[in-house]
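Please keep the sequence and the model in view while reading.

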Amino acid sequence: MRPLPYIDIHTHSTRYEQETVTVQNIFPGDGFAPFSGRNFYSVGLHPWHITSEQENNEALRLVEEALEFDHVIFVGEAGLDKAIEKDFAEQQRVFKAQAFMAEEYQYPLLIHCVKAYNEVFELRKKMQPSMPWIFHGFTGGLQLTEQFLPHGFMFSFGHLLFNDKAKVIETFKELPLEKIFFETDEMEEDVSVIYRQAAKIKGITEDELKVAVWKNFNRVERTLIDRV
C-alpha cells in the first residue's frame, strides 16, 4: 500500500512536490498545467483584485470558464476584506457570485477573510449551501470558531502555527480533526513542516494527521480518490 500523500490545500507555489497533493491558487484568466496526478487548482476573484463592476463581471466569467476543467476543484480565493480600500458592497456582490458558483458546480469555497467573519457567517446562514466553506489562513479565536462549527465551515492553517503567541494556536488545539486542513500559502517550505508542527501542537502523530486530512479532502473533493 502506498503511503498517504500530504495535502496542501492552498499554495501559490508552482513547484511540484512528489509526496504532496497540491491545490495551487490561480487568478481568473491564468493558465495552468495539464493534470499530472497531484496538481489541482483553485480559481477565484480575490477581494484585493476587485476593480470596476464591468471588469469584475468579466473576471467572474473567466472563473466559471476555468471551473469546467477537471483538475480545478475549488472556487477561491474569494472573500471579504475590511482592511483594504476596496468598495465593500462590490466585494460582497463578487463574493456572493462565487459562492453561488461553488454551489452550482458542487465545489468547496476557499475564503480569504479579514475583519468580516460576521458577514461571511450571515451569508452562509442565508444561502444554506451544501458544500463546505473553508477559511484559508485562519486566524480566529476559539469563541468565534465555535460559532462556525455547526454551520459547514472548515479551517486551513499555515505559518501561524509556528507563532506561540497567536490566538489561533488554542483554536487549533480544540478543533476536531475532521474540520482541519493545512496550507503553505506563500511559504517556501513544503507543507510537511506544517504537519510536523501541527502534530506536536495536537499531541498526536504526523501519520494520524495525514490520515485525517486525507479523509477530509476526499470527503469534500469527491472524485480525488479516483485520480491520485
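On a 1 Å grid over the protein atoms alone, a cavity is a set of points where a 1.4 Å probe fits but cannot get out, while a pocket is an open set with protein on both sides within 12 Å along at least five of seven lines; in either case, lining residues have an atom within 4 Å of a point. Grid points are joined across faces, edges and corners, and a volume is the space filled by probe spheres set on the points. The model is predicted, so local features require pLDDT of at least 70 and side-chain atom pairs pLDDT 80 or more, whereas totals for chains, interfaces and linings use all residues. Residues are numbered from 1 along each chain as its sequence is written, and side-chain values use heavy atoms, with hydrogens and water left out.

The count of cavities of 30 Å³ or more is 1. The largest cavity has a volume of about 40 Å³. Its lining consists of Asp8, Thr11, Ser13, Arg15, Glu17, Thr22, Thr184, Asp190 and Val191. By class, this lining divides into 1 nonpolar, 4 polar and 4 charged residues, where Ala, Val, Leu, Ile, Met, Phe, Trp, Tyr, Cys and Pro count as nonpolar, Asp, Glu, Lys and Arg as charged, and the others, Gly among them, as polar.

The largest pocket has a volume of about 370 Å³. Of the 20 residues that line this pocket, His46, Trp48, Glu77, His112 and His136 lie nearest its centre. Strand β5 (residues 109-114) supplies the largest share of the lining, 4 residues; helices (H or I, at least four residues) and strands (E, at least two) are DSSP runs, numbered from the N terminus. The lining of the largest pocket comprises 7 nonpolar, 8 polar and 5 charged residues.

Two backbone details follow. Glu77, one of the residues nearest the pocket centre, belongs to strand β4 (residues 72-81). The peptide bond from Gly76 to Glu77 is cis, with omega near 10 degrees. Lys115 is in the loop between β5 and α3, and phi of Lys115 is near 60 degrees, a positive value in a residue other than glycine.

Helix packing can be described by axes, which are lines fitted to C-alpha atoms, for helices over the stretch in contact, with angles running from 0 to 180 degrees between N-to-C directions. The axes of helix α1 (residues 53-66) and α2 come within 11 Å and cross at roughly 15 degrees. Helix α1 is therefore roughly parallel to α2, given that angles under 35 degrees count as roughly parallel, over 145 as roughly antiparallel, 65 to 115 as roughly perpendicular and the rest as oblique.

Helix α2 (residues 88-105) also packs with helix α3 (residues 117-127): their axes come within 12 Å and cross at roughly 40 degrees. The two helices α2 and α3 are therefore oblique to each other. Their contact (heavy atoms within 4.5 Å) involves Phe88, Gln92, Phe95, Lys96, Ala99 and Phe100 of α2 and Glu119, Val120, Leu123 and Met127 of α3. These contact residues divide into 7 nonpolar, 1 polar and 2 charged.

Helices α6 (residues 192-202) and α7 (residues 206-220) pack at an angle of about 110 degrees, with their axes 9 Å apart. Helix α6 is therefore roughly perpendicular to α7.
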